[in-house]
Amino acid sequence: MQPTSVIGHRGACGYAPENTLASIETAARLGLLVVEFDVKLAADGTPFVIHDDTLERTTGASGSVAEATAEELAALDAGSWFDDAFAGEPIPTLGAVLDRCDALGLEAICEIKPCPGVESETGRVVARAVAERGRHSVSSFSTTTLGAALAAAPDVPRALLVVILPGRWDSVARELKCESVHVWAGSLTVAAIDSVKNTGRSLCAYTVNDPERARFLVETGVDAVFSDRPDRVLAS
Ligand code: G3P
Ligand code: MG
């Protein structure tokens, strides 16, 4: 499999705690060129890289990301839950992750995952931060967020994220000027793959850890798969 066909999911979250600098570095070490991670805003509007709305699963702290200040988030340990070897690994800011991606030569797909109620603000903040870098792209399940990203930074490439391709996916993607569609791999059929590729948009599938499934999807027209264990997919 070509390195351009594999995207590190949350960095390389099969091997390092998701959405941390350690996970980004692991992805680069495995030979990847592209990584995905999730972005939310802290209470003061600082973008942080974390998947869940709440802190429990990956830090052991209680409460929500949206109600925590940047200082509070930066002080948490987002590594120990995964393995003691990563104790003290912080929840990184978006800026820190983009700096590391730039230093490592990685392209970033910043999945904008707004906490409830701040869909537009999160889209604007993340899209502007990405625009300052002159490379990288954004994606989101939230059409409100993608609309805000489009208005704030039209030149930042956008991807529409869906679990299952809805009937009107093409008009949504056109309206939001999304050049890519990211779809849950479990829902992808050959017909669905063809329907996206026939529009000229790129298509990525999440999350694929089985090398055989990854190979099938790429041979059928999927441009790239997100993987937690990208080295296994790369080797296929
Ligand atoms: O961006 C693709 C994938 O990351 C979407 O699902 O829940 O892992 O963010 P999730
Ligand atoms: Mg994600």
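Q: Why is H136 called buried?
A: H136 has a relative accessibility of 6%. Buried means under 20% relative accessible area, exposed means over 50% and partly exposed lies in between (1.4 Å probe, protein chains only). At 6%, H136 is therefore counted as buried. This is a predicted model, in which local features need pLDDT of at least 70, side-chain atom pairs count only at pLDDT 80 or more, and totals for chains, interfaces and linings use all residues. Residues are numbered from 1 along each chain as its sequence is written, chains are lettered from A and ligands numbered from 1 in the order in which they are written, and side-chain values use heavy atoms, with hydrogens and water left out.

Q: Where does H136 lie, and what is its phi?
A: H136 lies in the loop between α5 (119–131) and β5. Such elements are DSSP runs numbered from the N terminus: helices are H or I over at least four residues, strands are E over at least two. Phi of H136 is near 75°, a positive value in a residue other than glycine.

Q: What can be said of S137, and how do you know which residues it is in contact with?
A: S137 belongs to strand β5 (residues 137–140). Its relative accessibility is 12%, so S137 is buried. Contact means heavy atoms within 4.5 Å. With neighbours within four places in sequence left aside, S137 has contacts with A108, I109, C110, V130, V156 and P157.

Q: What makes S137 a residue of interest in the largest pocket?
A: The largest pocket has 18 lining residues, and S137 is among those nearest its centre, along with E107, I109, S180 and C204. Strands β4, β5, β6 (158–162), β7 (180–184) and β8 (202–206) each give two or more residues to this lining. The pocket holds about 240 Å³ of space.

Q: What makes a space a pocket, and what makes it a cavity?
A: Both are sets of points on a 1 Å grid over the protein atoms alone: in a cavity a 1.4 Å probe fits but cannot get out, while a pocket is an open set with protein on both sides within 12 Å along at least five of seven lines, and lining residues have an atom within 4 Å of a point. Points are joined across faces, edges and corners, and a volume is the space filled by probe spheres set on them. The whole structure contains 1 cavity of 30 Å³ or more. The largest cavity has about 60 Å³ of space, and its lining consists of E18, N19, V49, I50, T58, A78, W81 and I91.

Q: How are the residues of the two linings divided by class?
A: Ala, Val, Leu, Ile, Met, Phe, Trp, Tyr, Cys and Pro count as nonpolar, Asp, Glu, Lys and Arg as charged, and the others, Gly among them, as polar. The lining of the largest cavity divides into 5 nonpolar, 2 polar and 1 charged. For the largest pocket, the lining has 8 nonpolar, 6 polar and 4 charged residues.

Q: Why are E18 and N19 both called buried?
A: E18 has a relative accessible area of 9%, so it is buried. N19, at 2%, is buried too. E18 is placed in the loop between β1 and α1, and N19 lies in the loop between β1 (6–8) and α1 (21–29). Phi of N19 is near 60°, a positive value in a residue other than glycine. E18 and A78 are 60 residues apart in sequence, with 8.5 Å between their C-alpha atoms.

Q: How do you know which residues coordinate the magnesium ion (ligand 2)?
A: Donors are N, O and S atoms within 2.8 Å of the metal (3.2 Å for Na, K and Ca); water is not among the atoms, so sites may look incomplete. E36 (OE), D38 (OD) and E111 (OE) coordinate the magnesium ion (ligand 2) at 2.0 to 2.1 Å, and therefore meet the cut-off. E36 in strand β2 (residues 34–41) and E111 in strand β4 (residues 107–112) are 75 residues apart, a pair that links distant parts of the chain. E36 is buried at 3%, and E111 is buried at 5%.

Q: What makes a set of residues a nonpolar core, and which members of the largest one touch the most others?
A: A nonpolar core is a set of buried Ala, Val, Leu, Ile, Met, Phe, Trp, Tyr and Cys residues joined through side-chain atoms within 4.5 Å. The largest core has 50 residues, and F37, C110, L188 and L217 touch the most other members. Helix α4 (residues 94–104) supplies the largest share, 4 residues. A second, separate core of 12 residues includes I50, A68, I91 and C115.
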